[in-house]
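Please have the viewer open as you read.

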Amino acid sequence: MTWAGRRPHDRPAMTSHLKPVRPFVVVRDQAPGLDAPGLDRLLGAVIAIGNFDGVHRGHRAVVEAALQRARGLKRPAAAVTFEPHPRLVLRPGEPLFRLTDAQAKLRLLATSGLDGVLVMTFDTALAALTAEEFITRVLVERLRIAGATIGFDFHFGKNRAGSPAFLAEMGRRLGFPVDIMPPLEDEGRPVSSSVIRAALAAGRVVEAAELLGYPWFVTATVIHGDKRGRDLGYPTANLRLDPAFGLKHGIYAVRVGLDGRVHDGVANFGRRPTFGGGAPLLEVHLFDFSGELYGRPLDVAFIGWIRAEMRFDGVDDLIRHMDDDSRLARAVLARAPGAFPPIGPAIEVTSE
């Protein structure tokens with residue numbers, strides 16, 4: 001896709017990709033041995049345990065506790081997380097709106113200060129481990145952990161029988177400290193993945209950002225569309241998202257990361273009712289941009305809500321609203337200079 005913006009350039013692009021605070025190792029531990037490349041760098045670490053969907057402020061508190069404990073013990077700090085998300089394995093018929101896919105989660109964790117992450121493949125074999133077996137076989141025998149941190153509501157092991165209190169008791173017995181992070185609230189709202197999903201389902205992206213601690217974003221590759229936006233004077237980058245994607249259909253002010261730069265824009269997520277509908281699609285118009293986008297990955301951060309998706313009686317009415325949407329989006333973005341998620345470049349996962 002090659003396009004040119006409708007208006008002259010009015011603000012410089014910003015650097016988007018953050019470098020990890022220190023070298024960051026990502027290991028996918030799929031086999032029973034200890035020879036997964038890079039795993040030796042995580043042995044003896046203080047670990048933060050969780051699914052970390054969204055890597056929101058509550059998760060960051062778990063990570064920060066691991067970092068503080070690790071500094072005191074002069075040990076590395078790492079995360080242990082699970083892919084695919086356990087709910088997709090335990091309840092395969094139930095759609096899950098993930099706040100961050102596997103890659104986005106790693107990119108956020110990479111800028112948290114951790115030394116690395118162990119991504120454990122969540123399958124029926126791992127699900128069958130009892131909570132005690134998970135602690136003794138995985139945490140103690142294989143990882144030789146120096147300590148652990150966990151959220152107050154995270155459960156693990158067969159039938160989710162392992163509670164934070166159980167982990168703390170096992171830690172006392174086996175000789176490692178455990179820090180349990182209490183519930184976190186923001187002006188009376190629980191900071192949790194489910195509450196953030198509900199906010200996004202209502203289009204409340206500012207509220208979601210407050211709970212996450214950064215503007216929520218998605219990453220997808222630009223695909224070919226019907227090129228209708230170009231004919232209307234608003235060329236769009238079309239992104240197909242997961243069918244379980246639960247964001248409210250509507251128009252949003254967005255910032256888009258591309259090749260280490262950030263560009264302002266406006267986006268529509270929905271079914272395009274004016275033109276007969278169809279499968280949900282994210283259509284992004286970048287302000288003041290020209291270049292080829294087909295086949296390129298974009299990081300799209302949602303900064304503000306503009307309006308709900310609407311059906312218009314004609315093209316002229318649609319264009320008038322698109323003009324208004326662009327003007328409003330520019331105003332929203334001007335009030336949030338520099339707002340963009342703390343993400344680095346794509347993360348390569350080391351595996352056996």
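H5 covers residues 131-142 and H6 residues 164-174; the two pack at an angle of about 50°, with their axes 11 Å apart. Axes here are lines fitted to C-alpha atoms, for helices over the stretch in contact, and angles run from 0 to 180 degrees between N-to-C directions. The crossing of this pair, H5 and H6, is right-handed, a term used when the near helix is turned clockwise from the far one by less than a right angle, with left-handed for anticlockwise. On the H5 side, the contact (heavy atoms within 4.5 Å) is made by Ala131, Glu132, Ile135, Thr136, Leu139 and Val140, and on the H6 side by Phe166, Leu167, Met170, Arg173 and Leu174. Sorted by class, the contact of H5 with H6 has eight nonpolar, one polar and two charged residues. For these classes, Ala, Val, Leu, Ile, Met, Phe, Trp, Tyr, Cys and Pro count as nonpolar, Asp, Glu, Lys and Arg as charged, and the others, Gly among them, as polar.

A word on the model itself: it is predicted, so local features need pLDDT of at least 70 and side-chain atom pairs count only at pLDDT 80 or more, while totals for chains, interfaces and linings use all residues. Residues are numbered from 1 along each chain as its sequence is written, and side-chain values use heavy atoms, with hydrogens and water left out.

How do H7 and H8 lie relative to each other, roughly parallel or roughly antiparallel? H7 (residues 193-201) and H8 (residues 205-212) pack at an angle of about 160°, with their axes 8 Å apart. That angle makes H7 roughly antiparallel to H8. Their crossing is left-handed. Val195, Ile196, Ala199 and Leu200 of H7 meet Val205, Glu207, Ala208, Leu211 and Leu212 of H8. The residues of this contact divide into eight nonpolar, no polar and one charged.

Now for the chain as a whole. There are 10 helices and 18 strands, where helices (H or I, at least four residues) and strands (E, at least two) are DSSP runs, numbered from the N terminus. Of the 352 residues, 52% count as buried; buried means under 20% relative accessible area, exposed over 50%, and partly exposed in between, with a 1.4 Å probe and protein chains only. Among contacts between residues at least 6 apart in sequence, 75% join residues at least 24 apart. The chain exposes about 15,600 Å², and carbon and sulfur atoms supply 54% of that area, which comes from the Shrake-Rupley method with a 1.4 Å probe.

| Residue | Relative accessible area | Class |
|---|---|---|
| Ala66 | 0% | buried |
| Val138 | 3% | buried |
| Thr121 | 23% | partly exposed |
| Arg160 | 48% | partly exposed |

Ala66 is part of helix H1, residues 57-73. Apart from neighbours within four places in sequence, Ala66 is in contact with Val46, Ile47, Ala48, Ala77 and Thr149. The C-alpha atoms of Ala66 and Val178 are separated by 9.4 Å, although these residues are 112 apart along the chain. Val138 belongs to H5. With neighbours within four places set aside, Val138 is in contact with Met120, Leu129, Glu133 and Leu143.

Thr121 sits in strand E6, residues 116-121. From Thr121 to Pro86 is 9.4 Å, C-alpha to C-alpha, and 35 residues in sequence. Which residues does Met181 touch? Met181, in strand E8 (residues 178-181), touches Ala61, Val62, Ala65, Ile150, Gly151 and Phe152, not counting residues up to four places away in sequence.

Finally, a look at the backbone. The peptide bond from Glu83 to Pro84 is cis, with omega near -5°, and Pro84 lies in the loop between strand E5 (77-83) and helix H2 (86-90). Arg160 is a residue other than glycine with a positive phi, near 55°, and is found in the loop between strand E7 (147-151) and H6. Asp288 also has a positive phi of about 55° although it is not a glycine; its place is in the loop between strand E15 (281-286) and strand E16 (291-292).

Terms used:
Parallel < 35°, antiparallel > 145°, perpendicular 65-115°, else oblique.
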